[in-house]
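Subject: Structure handover

Hello,

Please find the structure below. My notes on its pockets and its aromatic rings follow.

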Amino acid sequence: ADGQIQQTDIDQAITKTLQDNIFDLTQYILQGKIDQARDLVRDLRLQGEDEIKLIAIMLGQFRLFTQVKILARAGKNESAMVTQLSELLGRKINPYQVKFALRDSRPLTLSFLKEAMATLISTDYQIKQGKLDKAYLFDLALLKIASAKQRGV
C-alpha cells in the first residue's frame, strides 16, 4: 500500500525449498518451538512430502552437525572442514552449509546429536515395519528430540 516491500512480502512471494523447510523444522525443534514445528510438518504433509523423506533429510542435517562438531574439536577451520567433508562424502560440500552447521552445532552436545540421530533411525525403522502410523511416529520422534534438547543431553 505504501510502496515499501517488507520481509513478510518477500517470504510470501518466494517459495522455500524442501531443504530450507527442513532447516527451519530442525531450528524449531532445537529451540523448543513445537507448535511451529507441527505447523510446518502439517504444511509439508499437505504438499505431499513423506515422513521417510523428511527423516532422511533431517538425519543428514544432524549428521553434518556431528561431523563439523567433531572436526571443530580436532582444531579444523571451516575451509579444512569443507575439504575433508567433500573428500569423505565424494561430493563438493557447500562452504555455507559448513558455516551454518558449525554455528548451529556449537550449543549442541555430541551425546544429544547421537541421541537425535538414533531417534530418527529408530523412527525410520518403525515406519518401514508398519507397526504404527507414520505421522504419529514422526511427531513422536520430533517430541523426543525436542525433549532431549531441553534435558541437555
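By class, the second largest pocket is lined by four charged, three polar and two nonpolar residues. Please keep in mind that this is a predicted model.

Here is the rest on that pocket. Its space comes to about 240 Å³. The lining consists of Lys 16, Asn 21, Asp 24, Tyr 28, Gln 36, Asp 39, Leu 40, Asp 43 and Gln 47. Helix 2 and helix 3 (34-46) each supply at least two residues of this lining. Helix 3 has the largest share, with four residues.

Now the largest pocket. About 430 Å³ of space lies in it. It is lined by 19 residues, and those closest to its centre are Gln 19, Gly 60, Gln 61, Leu 64 and Gln 97. Three helices each supply at least two residues of the lining: helix 2 (18-30), helix 4 (51-73) and helix 6 (95-105). Helix 4 gives the most, with seven residues. By class, the lining of the largest pocket has nine nonpolar, six polar and four charged residues.

Next, the aromatic rings. How many aromatic pairs are there? The count comes to three. One of them joins Phe 62 and Phe 65. That pair is edge-to-face, with 5.9 Å centre to centre and 85° between the planes. Phe 62 and Phe 65 are three residues apart in helix 4, so about one helical turn separates them. Both Phe 62 and Phe 65 are buried.

Phe 62 also pairs with Phe 112. Their ring centres are 6.2 Å apart. Their planes stand at 70°, which is over the 60 degrees cut-off, so this pair is edge-to-face. Where do the two residues sit in the chain? Phe 62 is in helix 4 and Phe 112 is in helix 7 (residues 110-129). They are 50 residues apart, and the pair links distant parts of the chain.

Are Phe 62 and Phe 112 buried or exposed? Phe 62 has a relative accessible area of 0%, so Phe 62 is buried. Phe 112 has a relative accessible area of 2%; that is under the 20% cut-off, so Phe 112 is buried too. Ring pairs link Phe 62, Phe 65 and Phe 112 into a cluster.

Best wishes

Technical notes
Residues numbered from 1 in each chain as written. Predicted model: local features only at pLDDT ≥ 70, side-chain atom pairs only at ≥ 80, totals over all residues. Heavy atoms only, no water. 1 Å grid on protein atoms, 1.4 Å probe; cavity = no way out; pocket = protein on both sides within 12 Å on 5 of 7 lines; lining within 4 Å. Points joined across faces, edges and corners; volume = space filled by probe spheres on them. Nonpolar A, V, L, I, M, F, W, Y, C, P; charged D, E, K, R; others polar. Phe/Tyr/Trp six-rings, centres within 6.5 Å; stacked < 30°, edge-to-face > 60°. Buried < 20%, exposed > 50% of the residue type's maximum accessible area, 1.4 Å probe, protein only.
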